[in-house]
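This briefing sets out what can be read from the structure shown below.

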Amino acid sequence: LISHTFTLPSSEHETNPSATHTQKAHLLKQNIMEGVESITATPTPTSTPMAKTPVCIIVMGMAGSGKTTLMQRLNSHLRSKSKRPYLLNLDPAVSKIPYKANIDIRDTVNYKNIMNKYKLGPNGAIMTSLNLFATQFDKVLAILERRKDDIDYILVDTPGQIEVFSWSASGSIITTALSLVFPTVCVYTCDTVRCVNPNTFMSNMLYLCGVFYRSKLPLVGVFNKADVAGCEFALEWMRDYEVFQTALENDESFLGSLSNSLCLVLDEFYKNLHACGVSAVTGIGCDEFFDKVDLAVGDFFKDYLPEIEAMKKEKEDKAKKNEEENLEKLYEEMKIDEKDGSS
C-alpha cells in the first residue's frame, strides 16, 4: 500500500504573523477560490474508456451511521473476492480508522491547526479542511489515473458533516471531479436502529434526497446495522407509502402530518433509488450491496454519463471561448502599441 501526501498552496498569512484574523480569513478564502478555479477549469483528461476504469464508491452519511466501519467491511469483502480496492479517507477529524488509507486527508491538512489558526469551531474546521484539500484534488485524480490499471474499486470515506455534500463547494468539486474520470456511485448510509421511528426515517430520506440532487449521481441507500435491527420495514416503507402511512396513523402531531405528506412526494424518488440492508460488523448483505452498486453503475452509463459529458464539453467550449477573447484583446493591445510607437 502506498500513502500519498500533498502540499497545500502557501498564502501570505504564513509569512505575515501580524496579519489580523479578518485578513487571514480573506487570504484563506482567496487561496481556496484560486485552487477551486484551477480544478474546475481543467479537469484531468482520461485516455482510457470509462467502462474499463475502476468504480468509485463515495460513502456518505450522518455521524454515527457506521460509514467508517462499513468502509472496512467493504475493503475486507472485496479482498476476499480477489478484488483490488483503493481507499481514500476524507475525514480530517477522525482519530483512528480501521483500514490503511492509500490517500489520507490527515497527511495533508491538520484539522486542529486550522481550527486554532482561523478561530473556527469543530464543524467549521472540518469544512475548511475539505475546502483546502479540494484545491489539490487534481493531484488525487492524477494518482488515481496512474493506478487505475491496478485497482478495481475506489472507496471514499467522508466526514459525518453531511452538509459537505448537501451544499458545500468542496463536496460538489470532489464528486464532479471523480465522475469526470471514473464511473461514480454515491452511497448514503442510514442507521437502521434510528430509522425505526417513522419521523427519523423521513428525516434520513430527505437528507438522502438532498445529496442526490446536489451530486447528480446515482445513489444507493444502505441501511446499516442490519444485525441489530432488520431493515425490511424500511424497504417496505419505500415500496408502499400506504404501509408508511399506517405506521404514522397514531401520530397526530404536526411532524407526523408532515411526514405523512412527504412520503407521497418522495414516492417517485424511491422508484429510482437502489436500497439494501447491510451489517458493517458481520458482513450481512455485502453481496447484495455490490449487486445494487452494479445496477447504479449501469444507471451511470445510461442516464448520467451523457449529461456529465455535455457539462464537460460546455466547460471546454467556455474555456476555448475565453482563450479566444483574451487573444483578441492581446492583438488589439498590440495594434494600439504599434500606433503609439509609429506616432
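What is the mean pLDDT of the protein chain, and what percentage of its residues reach 70 or more? The model is a predicted one; its protein chain has a mean pLDDT of 86, and 83% of the residues reach 70 or more. The chain holds 13 helices and 7 strands, and 48% of its 343 residues count as buried.

**Confidence along the chain**

- Confidence is highest in strand 4 (residues 153–157), where the mean is 98, and lowest in helix 1 (residues 21–41), where the mean is 55.
- Residues 10–15 stay under 50 in pLDDT, and the model gives this stretch 8 contacts beyond four places in sequence.
- Residues 40–47 also have a pLDDT below 50, with 10 contacts in the model beyond near neighbours in sequence.
- Where pLDDT is low, the predicted coordinates should not be read in detail.

**Overall contacts**

- Among contacts in the protein chain between residues at least 6 apart in sequence, 78% join residues at least 24 apart.

**Helix packing around helix 8**

- Two packed helices are described by the angle between their axes and the distance between those axes.
- Helix 8 (residues 198–215) and helix 11 (residues 254–265) have axes that come within 10 Å and cross at roughly 50 degrees.
- That angle makes helix 8 oblique to helix 11, and the crossing is left-handed.
- On the helix 8 side of this contact are Asn199, Met202 and Leu206, which meet Leu255, Gly256, Ser259, Leu262 and Cys263 of helix 11.
- By class, the residues in the contact of helix 8 with helix 11 are 5 nonpolar, 3 polar and no charged.
- Helix 8 also packs with helix 9, at an angle of about 65 degrees and with the axes 12 Å apart.
- Helix 8 is therefore roughly perpendicular to helix 9, and their crossing is right-handed.
- Pro198, Phe201 and Met205 of helix 8 make this contact with Ala234, Trp237 and Met238 of helix 9.
- The contact of helix 8 with helix 9 comprises 6 nonpolar residues, with no polar and no charged ones.

**Helix 5, helix 7 and Ile143**

- The axes of helix 5 (residues 137–147) and helix 7 (residues 169–179) come within 11 Å, crossing at roughly 30 degrees.
- This makes helix 5 roughly parallel to helix 7, and helix 5 passes helix 7 in a right-handed crossing.
- Phe137, Leu141 and Leu144 of helix 5 form the contact with Ile174, Ala177 and Leu178 of helix 7.
- The residues of this contact between helix 5 and helix 7 divide into 6 nonpolar, no polar and no charged.
- Ile143 is placed in helix 5 and counts as buried because its relative accessibility is 5%, below the cut-off of 20%.
- Ile143 and Ile103 are 40 residues apart in sequence, and their C-alpha atoms are 9.4 Å apart in space.

- Pro92 sits in the loop between strand 2 (85–89) and strand 3 (103–104).
- With a relative accessible area of 6%, which is under 20%, Pro92 is classed as buried.
- Leaving aside residues up to four places away in sequence, Pro92 touches Ile105, Arg106, Tyr111, Ile126 and Ser129.
- From Pro92 to Phe133 the C-alpha to C-alpha distance is 9.8 Å, while the two are 41 residues apart in sequence.

**Residues with a positive phi**

- Most residues other than glycine have a negative phi.
- Ser82, although not a glycine, has a positive phi of about 60 degrees.
- Ser82 lies in the loop between helix 2 (67–80) and strand 2, and is exposed because its relative accessible area of 64% is over 50%.
- Lys225, likewise a residue other than glycine, has a positive phi near 65 degrees.
- The loop between strand 6 (219–224) and helix 9 (232–239) contains Lys225.
- Is Lys225 buried, exposed or partly exposed? At 25% relative accessibility, Lys225 counts as partly exposed, because that class lies between the cut-offs of 20% and 50%.

Methods:
Residues are numbered from 1 along each chain as its sequence is written. This is a predicted model: local features need pLDDT of at least 70, side-chain atom pairs count only at pLDDT 80 or more; totals for chains, interfaces and linings use all residues. Side-chain values use heavy atoms; hydrogens and water are left out. Helices (H or I, at least four residues) and strands (E, at least two) are DSSP runs, numbered from the N terminus. Buried means under 20% relative accessible area, exposed over 50%, partly exposed in between (1.4 Å probe, protein chains only). Contact means heavy atoms within 4.5 Å. pLDDT is the predictor's confidence in each residue, from 0 to 100. Axes are lines fitted to C-alpha atoms, for helices over the stretch in contact, and angles run from 0 to 180 degrees between N-to-C directions. Angles under 35 degrees count as roughly parallel, over 145 as roughly antiparallel, 65 to 115 as roughly perpendicular and the rest as oblique. A crossing is left-handed if the near helix is turned anticlockwise from the far one by less than a right angle, and right-handed if clockwise. Ala, Val, Leu, Ile, Met, Phe, Trp, Tyr, Cys and Pro count as nonpolar, Asp, Glu, Lys and Arg as charged, and the others, Gly among them, as polar.
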